[in-house]
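Colleague: I am new to this structure. Please walk me through how to read it.

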Amino acid sequence: MLPNFVGMGLQSAQDTAQSAGFFLLTSHDALGRDRNQILDRNWKVCAQNPAPGSHPTGTKIDMGAVKLEENCPAQDQGANGPAKAGSTMPDFKGKAVSVVRDSLPGNTSLSTKDAGPKNRAVLVQSNWQVCGQDPAPGAALTGQPVSVTAVKFGETCP
């Protein structure tokens, strides 16, 4: 029987799943920022797939999680991972810079710049949200370099 993990700490949920015989466990950032859950004790479960109930123990269990100090989103925003860009540029405004990187083809040149006055280096891309982009949303993607301006999450775009 697969337990309900929602509301549990991620590490506790994983331990409980393993105690119940489920070992195919994955987790993702429920806020859609594509952050890795490196220290599982610092995350809490907001969503799970499949839902609690009767499932074979070989079932893959995926848990959507946020950091302990964050609120769970109304809807899991990272369950399917970042959508892959097709032939046109997606609108990345408000998304994490890491989502831009993961959505574009791997051979796309990507430059990032602090949109604020401090000219900080964008080191941990999942901590920065896109304010502006070039090419613009809807433009054809033909292998050209992509550039984005961003601020840290919690800051306001200029």
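Predicted model: local features only at pLDDT ≥ 70, side-chain atom pairs only at ≥ 80, totals over all residues.

Modeller: Start with the elements. Helices (H or I, at least four residues) and strands (E, at least two) are DSSP runs, numbered from the N terminus. Residues are numbered from 1 along each chain as its sequence is written, and side-chain values use heavy atoms, with hydrogens and water left out.

Colleague: How many helices and strands does the chain have?

Modeller: The chain has two helices and six strands. Read from the N terminus, their order is α-β-β-β-α-β-β-β. The C-alpha atoms fill a box of roughly 50 × 35 × 25 Å, taken along the principal axes.

Colleague: What share of the residues in the chain is buried?

Modeller: First the cut-offs. Buried means under 20% relative accessible area, exposed over 50%, and partly exposed in between (1.4 Å probe, protein chains only). Here buried residues are 36% of the 158 in the chain.

Colleague: Take Phe5. Is it buried or exposed?

Modeller: Phe5 is buried, because its relative accessible area is 0%. It sits in the segment before helix 1 (10-19).

Colleague: Which residues is Phe5 in contact with, beyond its neighbours in sequence?

Modeller: Contact means heavy atoms within 4.5 Å. Leaving aside neighbours within four places in sequence, Phe5 touches Ala13, Thr16, Ala17, Val45, Gln48, Ile61 and Met63. Asn49 is 44 residues from Phe5 along the chain, and their C-alpha atoms are 10.0 Å apart. For the whole chain, consider contacts between residues at least 6 apart in sequence: 66% of them join residues at least 24 apart.

Colleague: And Pro117: buried or exposed?

Modeller: Pro117 counts as exposed, because its relative accessibility is 84%. Its place is the loop between strand 4 (110-114) and strand 5 (128-134).

Colleague: Which peptide bonds are cis here?

Modeller: One runs from Asn49 to Pro50, with omega near 5°. Pro50 is in the loop between strand 2 (43-49) and strand 3 (61-67). Another cis bond joins Asp134 and Pro135, with omega about 10°. Pro135 lies in the loop between strand 5 and strand 6 (146-152).

Colleague: Which residues other than glycine have a positive phi?

Modeller: Asp34 is one of them, with phi near 65°. Asp34 is partly exposed, because its relative accessible area is 28%. Asn119 also has a positive phi, of about 55°. Asn119 lies in the loop between strand 4 and strand 5. It counts as exposed, since its relative accessibility is 57%.

Colleague: How do I read a charge over a ring?

Modeller: NZ of Lys or CZ of Arg must be within 6 Å of the ring centre and within 35 degrees of the ring normal. Here Arg33 lies over the face of Phe153, at 3.8 Å from the ring centre.

Colleague: What is a pocket?

Modeller: Work on a 1 Å grid over the protein atoms alone. A cavity is a set of points where a 1.4 Å probe fits but cannot get out; a pocket is an open set with protein on both sides within 12 Å along at least five of seven lines; lining residues have an atom within 4 Å of a point. Grid points are joined across faces, edges and corners, and a volume is the space filled by probe spheres set on the points.

Colleague: What is the volume of the largest pocket, and which residues lie nearest its centre?

Modeller: The volume of the largest pocket is about 430 Å³. Its lining has 28 residues, with Gly32, Gln77, Gly81, Pro82 and Val99 nearest the centre. Strand 1 (25-29) and helix 2 (97-103) are the elements that give two or more residues to this lining. Strand 1 gives the most, three residues.

Colleague: And the second largest pocket: what is its volume?

Modeller: The second largest pocket has a volume of about 260 Å³. It is lined by 15 residues, and Arg35, Asn36, Ile38, Trp43 and Ser126 are the closest to its centre. Helix 2 gives the largest share of that lining, three residues.
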